[in-house]
Amino acid sequence: MEMTISMFAKKVGTTVRTLRYYDQIGLLTPERQNENGHKLYTRKEWERYQQIQVFKHLGFSLADMKERLTTSTWSAREMLVAQKNMLEQKKRELEEVLATIRRAEALYDLEGIEEEDLDDLLFVLLDAFRLEKRQKDALIAHFPESPLSELFDYDEDPDVQLEIDKQGAYFYKRMKNALHNGVDPGAEEVQSYVKELFSSFPMKSVPNVVDELGDIEAFFVEHERLFFILFPERLQKYMDEAMEVYFRNESGEEDGT
């Protein structure tokens, strides 16, 4: 069985362009030629093309296919196990991305916050959701004896998660409006927004947990990249000032001052 590239492309249901590209990168290179110097596809190339399609179905990249088909010393079973592990990891990553999108979508159904506010906040939210698991893992690994694991148990309850996300969205809107209206970050109105945020479950435990962690500042210096969420600069400064006032007041209350 010998076929020209056009005949072979039609036979296997692909394009001449694809076959030429496979030839160019050394993935599927016919060895035989006819009297006119045109490459011929034989049963050997057909079998190789079949293998390529199986690898493609399993999710291999073209580079991985070439390695497996030419230089790899892996057994077929080792190849299957490795690819299964890779696909399971990709599945977990896709599930995380879908969960992030669903969380953001749910906020658009909230009452009391305009779609325009969420549009402004969307990339900040998505970035925060993206980093959230890594933040928690880093905190728990660094402070294994702390009550942080209990603080993060809400992950298993989507209703609690939505409530926390909702409080965060409302907080953003209120702080943005307060900044726009020139309200001092230490004013009672602004402090009430901060208090409401930290009073919502499970955030109400944050001040006490922070006190128990010890050298938390060194931790945040080491893991700054995981906790840097880019709000608009003026709003970020405003919220930081409001938080400083809140924690200073909380600390004074606990000390009895």
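Colleague: Among contacts in the protein chain between residues at least 6 apart in sequence, what percentage joins residues at least 24 apart?

Modeller: It's 63%, where contact means heavy atoms within 4.5 Å. Keep in mind that this is a predicted model: local features need pLDDT of at least 70, side-chain atom pairs count only at pLDDT 80 or more, and totals for chains, interfaces and linings use all residues. Residues are numbered from 1 along each chain as its sequence is written, and side-chain values use heavy atoms, with hydrogens and water left out.

Colleague: How many helices and strands does the protein chain have?

Modeller: The protein chain has 13 helices and two strands. Both kinds are DSSP runs numbered from the N terminus: helices are H or I with at least four residues, strands are E with at least two.

Colleague: Why is Thr100 called buried?

Modeller: Buried means under 20% relative accessible area, exposed means over 50%, and partly exposed is in between (1.4 Å probe, protein chains only). Thr100 has 17%, so it counts as buried. Thr100 sits in helix H5, residues 76-107, and it touches Leu126 and Phe129, leaving out residues up to four places away in sequence. For the protein chain, 35% of the 257 residues count as buried.

Colleague: And what makes His142 partly exposed?

Modeller: His142 has a relative accessible area of 36%, so it falls in the partly exposed class. His142 belongs to helix H6, residues 115-142. Its contacts, not counting residues up to four places away, are Phe219, Glu222 and His223. The C-alpha atoms of His142 and Phe219 are 7.7 Å apart, though 77 residues separate the two along the chain.

Colleague: How do you know whether Ala242 is buried or exposed?

Modeller: Check the relative accessible area: for Ala242 it is 0%, so Ala242 is buried. Ala242 is in helix H13, and beyond its neighbours within four places it contacts Met175, Pro185, Val190, Gln191 and Val194. Val245 is found in H13 too, which spans residues 233-255.

Colleague: Why are H8 and H9 called roughly antiparallel?

Modeller: Look at the axes, which are lines fitted to C-alpha atoms, for helices over the stretch in contact, with angles from 0 to 180 degrees between N-to-C directions. Under 35 degrees counts as roughly parallel, over 145 as roughly antiparallel, 65 to 115 as roughly perpendicular, and the rest as oblique. The axes of H8 (residues 158-180) and H9 (residues 188-199) come within 10 Å and cross at roughly 170 degrees. That's why H8 and H9 are roughly antiparallel.

Colleague: What makes Phe55 and Phe60 an edge-to-face pair?

Modeller: There are six aromatic pairs in the whole structure. Phe55 and Phe60 form one of them, at 4.9 Å centre to centre and 80 degrees between the planes. Rings of Phe, Tyr and Trp (its six-membered ring) pair if their centres lie within 6.5 Å; planes under 30 degrees apart are stacked, over 60 edge-to-face, and the rest tilted. So 4.9 Å makes Phe55 and Phe60 a pair, and 80 degrees makes that pair edge-to-face. Both Phe55 and Phe60 are buried.

Colleague: Which residues form an aromatic cluster?

Modeller: Phe8, Tyr41, Trp46 and Tyr49 form one aromatic cluster.
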